[in-house]
Amino acid sequence: MKGIQTEVPPVWVMRQAGRYLPEYRALREKAGGFLDLCYTPEFAIEATLQPIKRFGFDAAILFSDILVIPDALGRSVRFDAGHGPQLDPMSIDDIDGLEPENIINHLKPVLEAVEGIRSDLPADTSLLGFCGAPWTVATYMIAGHGTPDQAPARIFAHQYPEAFERLLNIIAKCSAEYLVAQFRAGADAVQIFDSWASVLDQDQFEKWCTRPVKKIVELVRREIDNAPIIGFPKGIGSFYQDYRSHTDIDMMGLDWAMPMSFAKKLQEQGPVQGNLDPTRLIAGGRALDEGVDVILEQLGNGPLVFNLGHGITPQTPIVHVEQMLKRIRG
Ligand code: 1CP
């Protein structure tokens with residue numbers, strides 16, 4: 001995070017606690033619902049620590065979800081088995097009904113989990129907190145579920161820009177408050193996930209992606225000096241060029257779909273994280289070794305946190321994760 005280089009880059013994997021692990025599937029069954037996992041500190045601690053115990057990653061990431069913010073705002077989020085997240089779709093009239101005053105109270109069990117994780121983690125393993133970027137969180141709030149192109153939120157933003165800005169401001173303020181609370185509970189750094197930043201045009205990108213993220217960064221650093229913040233605006237192509245300077249994040253998370261020469265240029269501006277194609281981790285064998293080698297060759301001599309270019313998927317074989325770690329750590 002601070003750009004200090006180590007001989008072997010630190011490594012963790014986005015979505016490292018999850019359905020590819022049998023111990024996670026067992027815990028999920030025991031907990032009942034996904035939100036029961038998130039809101040029961042004992043379970044959230046266990047889920048967070050599972051991949052650390054199994055693989056010895058250099059960082060743990062709090063087990064939770066970006067959608068606990070809409071849940072805390074009163075939009076009742078549901079995760080039914082076999083479906084993605086479901087929310088009641090939002091209309092312009094629902095914005096005034098959001099309940100930003102009470103979010104930290106609602107999220108107390110998550111913060112309790114952060115404290116518990118920190119006290120159980122080895123001292124040299126970093127603990128990452130996180131939230132979703134306002135744009136990505138808003139896409140789920142407006143559509144009520146994941147969509148392939150986030151057209152409902154894009155149309156809403158074009159039709160009602162003032163209302164949309166109000167919504168993003170509410171999400172940004174709550175997210176900042178939540179991240180500050182995560183730092184106070186023991187997080188060493190936080191990541192802001194903007195998984196849907198890639199669907200915006202230039203004008204919208206500045207308004208709905210970088211501006212609200214910068215606001216979060218400012219609000220967090222007002223409370224936590226030099227708070228280390230990773231930005232992950234997935235798939236934004238040439239917009240990556242100015243993302244760091246426009247948002248003030250410290251480390252930039254890169255997806256896999258970019259020329260390595262561009263990734264290297266971005267690394268000259270500061271630390272980067274990424275960016276193995278998650279399907280190489282599913283495929284294993286040579287595809288995996290070659291993917292790891294290219295990243296180490298191209299980015300290994302600069303400030304790098306090794307990670308995937310997006311989350312690990314449920315069908316990933318555990319032996320491939322072991323193969324990847326062996327390749328990175330020699
Ligand atoms: O059935 C289950 O067990 C639920 C699967 C699952 C898991 C394991 C969901 C539902 N969320 C999570 C955990 C989660 N989500 C973490 C935990 C920490 C980790 O190990 O990394 C994190 C950081 C997230 C973040 C998240 N949730 C993002 C951003 C990252 C990304 O992958 O793009 C997004 C977009 C979500 C929404 C969400 N939650 C769950 C699903 C299946 C989705 C995506 C839905 C969709 O777009 O259709």
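What share of the 330 residues of the protein chain count as buried? In this predicted model, the figure is 56%.

Let me begin with the overall fold. The protein chain contains 15 helices and 9 strands. Its C-alpha atoms fill a box of roughly 55 × 45 × 40 Å along the principal axes. A compact globule of 330 residues would have a radius of gyration near 20 Å, and the 19 Å of the protein chain agrees with that. Among contacts with a separation of 6 or more, 73% join residues 24 or more positions apart.

I turn now to helix H1, residues 22-31. Its buried residues are Tyr24, Leu27 and Ala31. Why do these residues lie on the same side of H1? They do so because they cover an arc of only 65° around the axis. As background, an α-helix has 3.6 residues a turn, so residues three or four places apart point the same way. The cover over the buried residues of H1 includes helix H2 (34-39) and helix H3 (41-55). On the other side of H1, Glu29 and Lys30 are exposed. Just after H1, glycine 32 takes a positive phi of about 95°.

My last topic is a pair of helices. The axes of H7 (residues 134-143) and H9 (residues 161-185) come within 9 Å and cross at roughly 115°; this crossing is right-handed. H7 contributes Pro134, Trp135, Val137, Ala138, Met141 and Ile142 to the contact, and H9 contributes Phe164, Leu167, Leu168, Ile171 and Ala172. By class, that contact comprises 11 nonpolar residues, with no polar and no charged ones.

Notes: Residues are numbered from 1 along each chain as its sequence is written. This is a predicted model: local features need pLDDT of at least 70, side-chain atom pairs count only at pLDDT 80 or more; totals for chains, interfaces and linings use all residues. Side-chain values use heavy atoms; hydrogens and water are left out. Axes are lines fitted to C-alpha atoms, for helices over the stretch in contact, and angles run from 0 to 180 degrees between N-to-C directions. Helices (H or I, at least four residues) and strands (E, at least two) are DSSP runs, numbered from the N terminus. A crossing is left-handed if the near helix is turned anticlockwise from the far one by less than a right angle, and right-handed if clockwise. Contact means heavy atoms within 4.5 Å. Ala, Val, Leu, Ile, Met, Phe, Trp, Tyr, Cys and Pro count as nonpolar, Asp, Glu, Lys and Arg as charged, and the others, Gly among them, as polar. Buried means under 20% relative accessible area, exposed over 50%, partly exposed in between (1.4 Å probe, protein chains only). The arc is that of the directions from the helix axis to the C-beta atoms. The radius of gyration is taken over C-alpha atoms; the globule rule is 2.2 Å times the number of residues to the power 0.38.
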